[in-house]
Amino acid sequence: MLRYFCFFLAVIALPSLGQEIIKENLGPNINTAYNESKPIISPDGKILYFARQNYPDNFKGEKDDQDIYYSFFTDGNWSTGVNIGFPLNDKHPNGVNSVGLDGNSLLIINAYEPNGSVTSGASISKKSGNQWGYPKKVTIDNFYNNNDFVDYYMSNNGQHLLMAVEREDGIGDQDLYVSTKIDETHWSAPMNLGVDINTTEAEFSPFLAADDKTLFFASMGFKGEGSSDIYYSKRLDDTWQKWSKPVNLGPEVNSDEFEGYYSIPASGNFAYFVSTKTAIENSKDIFKVTLPYRFRPDPVLLISGTVYNKKTKGPEAAEISFINLPVRKQEGSAESSSGRGDYKIILPRGTIYEYLAVKPGFIGVVQYRDMSNVTEYAEFESDLALVPIEEGQQVDIHNIFFEASDTIFSQDAFLELDRFSKILQNNPTLKVEIAGHTAQKRTATENLILSEGRANAVIKYFVDKGIHPNRLVAKAYGNTVPFINSERIGFKPNTDINDRIEMKILSTNWTPPVENDSDDDGVLDGDDECPTLAGSAATKGCPDTDGDSIIDKYDDCPRLAGVAENNGCPEITEATKEVLREALKGIEFETASDIIRPTSYPILDKVVEVMVNNKDYMLRISGHTDDQGNDDTNLILSHKRAQATKKYLIDHGIEDARLDAIGYGETKPVADNATVEGRAQNRRVEFDIVFEGQN
């Protein structure tokens, strides 16, 4: 049977936007007289996955409902489509729903069971070398579909799974739903996207652009050009329930026949879709069209590169973690391939990223990329180093930031500090050198001192996180060892690459020292603040003679139960404190004499009353003068006045042993002797309550 192939090309001018829209049939390397459907373009735009229905080269030939094919874009053309083969293709209908950000995973229809059968659902296949692995079933809570048709799409950050299914809580026929990732193969129950998107007719073929906001989908329920049209909508918040009003993509894409299955690469320049209009022998063909500016998603960043072992320079399979710095939240992840170590990922604009390779037994070197001001799609290459956790290996850490010329951490430092704390916690036998390095901004001595202070600050942080101090060795290099950027690290702007902390692995078999308990109180010497005096764990291994929960070494009254507010001594009431304040201001003497004026008797009598009512109190009386006159004369006078005050209290029944009196002359002023008021304040008698045995 002869089959006739046609090639369709249309140029549509949009004068208002000054943009030329080119729509073209992908031609005989992709399209046949059979139905081609479900085109999914890889993020980099270089591989097209699609489905062929009842094609002779399918797994079971023309009786096979649908198989997966792929084609490469090389030298400006698409290569002849090739059947992707087993295990992705089998006797059941097969199709690709989305390509992982790194290009090394595919989301496909059907839940593949280990025994070779399939059930309703979706699966993920991962590539090892050039071979796709057997698909693993994705578990979706409370999943069911009452329709014969189904579509899926996984968001670029891998956190959301869109699907077109028919369910009891739907609006009609197939609706669009979303599930949220719980773990690698487990997703939450589907949630309907709501009436902004869904109608009583079928909505299907969802595609979420790389910006994680722009949704393209096909609908039979909105008034459009033909039986099924493609629409555009923007997600307005994180509820997945609020969307901009869907907009028909117009005659540049839609016709009076069937259109669906819209897919765009990360660049957002072109789109691929299915149409029956001008298709070969009235089949379904795949077309390419210039994406109109008004329908383009927000610009994104495509990062690609290789993960490699810094020691051997060989490739490594690892996870790559991308952190949204302002919110300190993982924004996305990718996996480098086994054997080649290559990876790809797409990230939305408008924020700042730190990213690194993560693999057990290695330490990743952090890269930095500022996407906050990106206005156009961009591609970057970024190779990621993994440092093996082996003796002698070292990691230069540029993201432990300090305040300028200081040892104080800036707020940006704690993400990296906590990462390395966790590395040390997860590898308890590591002993490391923490080295400080600085730029050449000061004298060599000042740089050395600054680098030492910074190294010690990092060690203190790790010790506070529970790392044994014996595992950490500080070393200062100042500006003597300049940094060589051999890993082509992307740094935060305005970072001086020589200002850094370096962690060098000294040993991988550190063991904790043997702990002793010298005073046999059950508290090991390393944790015992009084290793030669028996105490308890509650008092940090120190004695607490008076049992007031304040250990003797910190207790001003170790033999009298007291309160923390008074340093372990008994509480002094506010009324008593007021009496002492009155005494400070109210005791007067005859001029240049130690004779107490009678006007002072009432306040002294109050002091007597305090001492009578508080038998534990002892009183320290100190006499003071201003600086007028001879120093020796002032010292003698202050002593006599203190003694005179003591005598008054003894004469009124207070025991001599509870009183102590001393003069300080003019040596302890409390105010400025240059003023009359200041000198008056300095001529005073002070009372301090103390307790027996007080430190």
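Visitor: Why is phenylalanine 59 called partly exposed?

Guide: This is a predicted model, in which local features need pLDDT of at least 70, side-chain atom pairs count only at pLDDT 80 or more, and totals for chains, interfaces and linings use all residues. Residues are numbered from 1 along each chain as its sequence is written, and side-chain values use heavy atoms, with hydrogens and water left out. Buried means under 20% relative accessible area, exposed means over 50%, and partly exposed is in between (1.4 Å probe, protein chains only). Phenylalanine 59 has a relative accessible area of 45%, so the residue is partly exposed.

Visitor: Where does phenylalanine 59 lie?

Guide: Phenylalanine 59 is in the loop between strand E4 (47–52) and strand E5 (67–74). Strands (E, at least two residues) and helices (H or I, at least four) are DSSP runs, numbered from the N terminus.

Visitor: What makes the link between arginine 500 and aspartate 396 a salt bridge?

Guide: A salt bridge is a side-chain nitrogen of Lys or Arg within 4 Å of a carboxyl oxygen of Asp or Glu. For arginine 500 and aspartate 396 the N to O value is 3.0 Å. The pair joins distant parts of the chain, with arginine 500 in strand E38 (residues 500–507) and aspartate 396 in strand E35 (residues 394–397), 104 residues apart.

Visitor: Why does arginine 500 count as buried?

Guide: Arginine 500 has 4% relative accessibility, and therefore counts as buried. Aspartate 396 is buried too, because its relative accessible area is 14%.

Visitor: Which salt bridge do arginine 581 and glutamate 578 form, and why are they about one helical turn apart?

Guide: Their side chains meet at 2.9 Å, N to O. Arginine 581 and glutamate 578 are 3 residues apart in helix H3 (residues 574–586), so about one helical turn separates them. An α-helix has 3.6 residues a turn, so residues three or four places apart point the same way. Arginine 581 is partly exposed because its relative accessibility is 41%, and glutamate 578 is partly exposed at 35%.

Visitor: How do you know that the span of helix H1 agrees with its number of residues?

Guide: The expected span of a helix is 1.5 Å times one less than its number of residues. Helix H1 (residues 414–426) has 13 residues and should span 18 Å; its end C-alpha atoms are 18 Å apart, so the two agree.

Visitor: Which residues of H1 are buried?

Guide: Among them are Leu417, Phe420, Ile423 and Leu424.
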